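Thanks, everyone. Let's take a quick walk through one structure. Please have the sequence and the model up as I talk.

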Amino acid sequence: MDDIAEAAKLTKRTLYHHFNSKDQLLADVLESQHHLALQAFRTFGDNLSGSAETIVEAMFQDLAVWADRPRWAGSGFTRLVIELADLPGHPARLIARRHKAQLEKCFAELLARSGADRPNELARAVWLLSEGAVSLILVHGDRGYSAAASEAAITLVRHHLKQ
């Protein structure tokens with residue numbers, strides 16, 4: 001809180017006047033980030049059309065571009081949940097859970113618009129590959145995990161189309 005107050009050029013007393021606790025400050029920051037990230041994902045989806053395969057390829061290409069940014073640190077929501085793993089009721093974890101679920105739902109809607117069979121099931125599997133790719137890119141510093149996850153996701157898409 002000292003660092004935040006200093007960066008905001010506020011006293012800690014003023015900071016606590018606006019936020020009841022560190023946990024509430026963190027939750028409010030995440031809530032704001034949730035809205036920004038959700039809007040960005042919806043914009044990404046609005047710019048897509050075509051087959052489920054095209055959508056999945058675009059998602060993983062965007063992941064590779066995102067991961068190539070200087071000082072890229074992956075998903076703050078995922079990192080936060082890991083940091084707060086021993087506090088399952090923490091308000092920030094609840095926001096992160098809702099955030100990830102809404103992104104998965106938006107992705108399922110994109111897949112449904114593309115005509116994919118069982119879009120919710122497919123979205124969950126592809127989302128799992130995406131989250132895994134983000135984690136392994138962070139661990140190894142190798143964007144090749146995005147391409148590997150993309151190949152696996154496209155295999156899943158093709159499997160769903162055959163059934």
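First, a convention. A crossing is called left-handed if the near helix is turned anticlockwise from the far one by less than a right angle, and right-handed if clockwise. Keep in mind that this is a predicted model.

Now apply that. The crossing of helix 4 and helix 6 is right-handed. Their axes come within 8 Å and cross at roughly 145°. Who makes the contact? From helix 4, Ala52, Ile55, Val56 and Met59. From helix 6, Phe107, Leu110 and Leu111. By class, that contact has seven nonpolar residues, no polar and no charged ones.

On to the core. The largest nonpolar core holds 31 residues. Phe41, Val56, Met59, Phe60, Phe107, Leu111 and Val126 have the most contacts inside it. Five entries make the list of elements giving two or more residues: helix 3 (22-46), helix 4 (52-67), helix 6 (91-113), helix 7 (119-140) and helix 8 (144-162). Which helix gives the most to this core? Helix 4, with eight residues. Apart from this core lies another, of eight residues, with Leu30, Leu80, Leu84 and Ala92 among them.

Zoom in on phenylalanine 107. Set aside its neighbours within four places in sequence. Phenylalanine 107 is then in contact with Phe41, Ile55, Val56, Met59, Ala123, Val126 and Trp127.

Next, helix 3. Helix 3 has 25 residues. From first C-alpha to last, helix 3 reaches 36 Å, close to the 36 Å expected at 1.5 Å a residue. Its buried residues are Leu25, Ala27, Leu30, His34, Leu38, Phe41, Phe44 and Gly45. What do they pack against? Helix 1 (2-7), helix 4, helix 5, helix 6 and helix 7.

Serine 75 is in the loop between helix 4 and helix 5 (76-83). Is serine 75 buried or exposed? Buried, because its relative accessibility is 10%, and the cut-off is under 20%. Not counting residues up to four places away in sequence, serine 75 touches Trp66, Lys100 and Val134.

Then alanine 148, in helix 8. Alanine 148 is partly exposed, at a relative accessible area of 45%. Compare histidine 17. Alanine 148 and histidine 17 are 131 residues apart along the chain, and their C-alpha atoms are separated by 48 Å.

That's the tour. Over to you.

Methods: Residues numbered from 1 in each chain as written. Predicted model: local features only at pLDDT ≥ 70, side-chain atom pairs only at ≥ 80, totals over all residues. Heavy atoms only, no water. Core = buried A, V, L, I, M, F, W, Y, C linked by side-chain atoms within 4.5 Å. Buried < 20%, exposed > 50% of the residue type's maximum accessible area, 1.4 Å probe, protein only. Helix = DSSP H or I, 4+ residues; strand = E, 2+ residues; numbered from the N terminus. Contact = heavy atoms within 4.5 Å. Expected span 1.5 Å × (residues − 1). Axes fitted to C-alpha atoms, helices over the stretch in contact; angles between N-to-C directions. Nonpolar A, V, L, I, M, F, W, Y, C, P; charged D, E, K, R; others polar.
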